[in-house]
Amino acid sequence: MFDFNFFKKQRAEYKDAVYSVYQPIVDIATGDVIGYEALVRSDKEMPAEMFRRSYEKGTVIPFDFHCLESAIKVLPELREGQYLFLNIEPLTLEQAFSRGKEGEEFLKGLKAYSDRIVFELTEGVKKSDFAFIQRGVAFIRACGYRFALDDIDDISVKTSQLASLRPDFLKIDLQLVQGIASNHLNQQIVLEMVHLGRMNGSEMVAEGVENRSDLEFIRNMGIRYGQGFFFAKPAKELILFLQLPME
């Protein structure tokens, strides 16, 4: 369905097949699935190893698009009002998402789904030049797409600077969410994140929700969305209906 010239080139370059799995993102109040995060997988390597190797070889941008090609195949299956969250590396945002580059062709090719796609900037964004990130985000938004900050794990100057870009979603790192019901330090950090999100008009997503006590705690903090094994593990097919544990 989606036909991009740079994808054709990458199919020749990448011999190892990758595929995508999709983890639901859930409205905590209603239990409705509001979207899915696409996660790259391979039968031969862990995702972190694949990306580490692509950075070493200087091929991270084409590899990123190789992963995107796999991820977007489910777009026609999304229900009304659901989003597909697509991870992109900061380097890809900086160097490929501008006029005349692959990112522009990619966004134009998906224009029919622009209101369904959220680009997640991965954790390496904190090490990137803010001006480049700012330009990349502006370009994505000008084309009608949303973006999220992924793996937020602190309230630093850099985090606040990135939040000033007013991401549509702020995703709280699972290390802060797991066990939060009994971890007072993490509770304070996440409360500050919730405040930061409200100031910048961002919806909050708690990642790594694995039990009901943590779920109830983040619900009481005013966090609207959750993602984690408590709801569902990532799967190759979109999970349309959730059966939550009765613990």
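Visitor: Let's start with Cys-67: buried or exposed?

Guide: Buried means under 20% relative accessible area, exposed over 50%, and partly exposed in between, with a 1.4 Å probe and protein chains only. Cys-67 has a relative accessible area of 8%, so Cys-67 is buried. Bear in mind that this is a predicted model, where local features need pLDDT of at least 70, side-chain atom pairs count only at pLDDT 80 or more, and totals for chains, interfaces and linings use all residues. Residues are numbered from 1 along each chain as its sequence is written, and side-chain values use heavy atoms, leaving out hydrogens and water.

Visitor: And how does Cys-143 count?

Guide: Cys-143 comes out as partly exposed, at 24% relative accessibility.

Visitor: How many disulfides does the structure hold?

Guide: Zero, taking a disulfide as a pair of cysteine sulfur atoms within 2.5 Å.

Visitor: How do I read a helix by its burial?

Guide: An α-helix has 3.6 residues a turn, so residues three or four places apart point the same way. Helices here are DSSP runs (H or I, at least four residues), as are strands (E, at least two), numbered from the N terminus. Look at helix 10, residues 212-220: Asp-214, Leu-215 and Ile-218 are its buried residues. Down the helix 10 axis they fall within an arc of 100° (taken from the directions from the axis to the C-beta atoms), so they line one face.

Visitor: What do those buried residues of helix 10 pack against?

Guide: Helix 8 (174-177) and strand 7 (203-207), with contact meaning heavy atoms within 4.5 Å. Just after helix 10 comes Gly-222, with a positive phi of about 90°.

Visitor: Which residues are buried in helix 5?

Guide: In helix 5 (102-109) they are Gly-103, Glu-104, Phe-106 and Leu-107. Their arc is 160° seen down the axis of helix 5, so they too line one face of the helix.

Visitor: Where does Phe-230 lie?

Guide: In the segment after strand 8 (225-227). Phe-230 is buried, at 3% relative accessible area. Between Phe-230 and Asp-32 there are 198 residues of separation in sequence, yet their C-alpha atoms are 14 Å apart in space.

Visitor: Nice. What should I take away about the cysteines?

Guide: Cys-67 is buried, Cys-143 is partly exposed, and the structure holds zero disulfides.
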